[in-house]
Amino acid sequence: MDIFNKMGEELSNMGSEFVKLTKDATDTAKQHATVISENSKISEQYRIIGETLYKVYKDDEEMKEILGEDFVDAFNKIESSKQKIADSKETIAQNKGGTICPDCGNIVIKESSFCNHCGRKMKND
Ligand SMILES: [Zn+2]
């Protein structure tokens, strides 16, 4: 085999090796994307399960006993955050000269008889 044929064969081998490496890298990237995408879907389903459990059982003491300490702890943390949000919203409302509608949570002008967002009757002192 002369030198040019040998070089040609080696270049051809390098070329197919490069194609294989590129294909492998592309396949790996696709698999990584699948892992990330499916993990994201699982996380969203966990969030839905958690939110559903919270909504259904947050006031059910018997069920909270069954669910256990971790759930009760998580429920309490959610309640604590909700209270902080409500307090901050109330402060914002007061700074704007308003109050918070207990039904829809929007800011309502203090003198209003009704919430201009949901129509709830507001008590005026
Ligand atoms: Zn309202």
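This is a predicted model: local features need pLDDT of at least 70, side-chain atom pairs count only at pLDDT 80 or more; totals for chains, interfaces and linings use all residues.

Residues are numbered from 1 along each chain as its sequence is written.

The protein has three helices and two strands, in the order α-α-α-β-β from the N terminus. Helices (H or I, at least four residues) and strands (E, at least two) are DSSP runs, numbered from the N terminus. The C-alpha trace spans about 105 × 40 × 20 Å along its principal axes. The radius of gyration of the protein is 31 Å, whereas a compact globule of 125 residues would have one near 14 Å; the radius is taken over C-alpha atoms, and the globule rule is 2.2 Å times the number of residues to the power 0.38.

Of the 125 residues, 3% count as buried. A residue is buried if 20 or more other C-beta atoms, placed from the backbone, lie within 10 Å of its own, exposed if 12 or fewer, and partly exposed in between.

Helix 1 covers residues 3–57, and the count of buried residues among its 55 residues is zero.

Finally, Met122 lies in the segment after strand 2 (107–109). Why does Met122 count as partly exposed? Met122 does so because it has 17 C-beta neighbours inside 10 Å. The C-alpha atoms of Met122 and Glu111, 11 residues apart along the chain, are separated by 8.8 Å.

Terms used. The expected span of a helix is 1.5 Å times one less than its number of residues.
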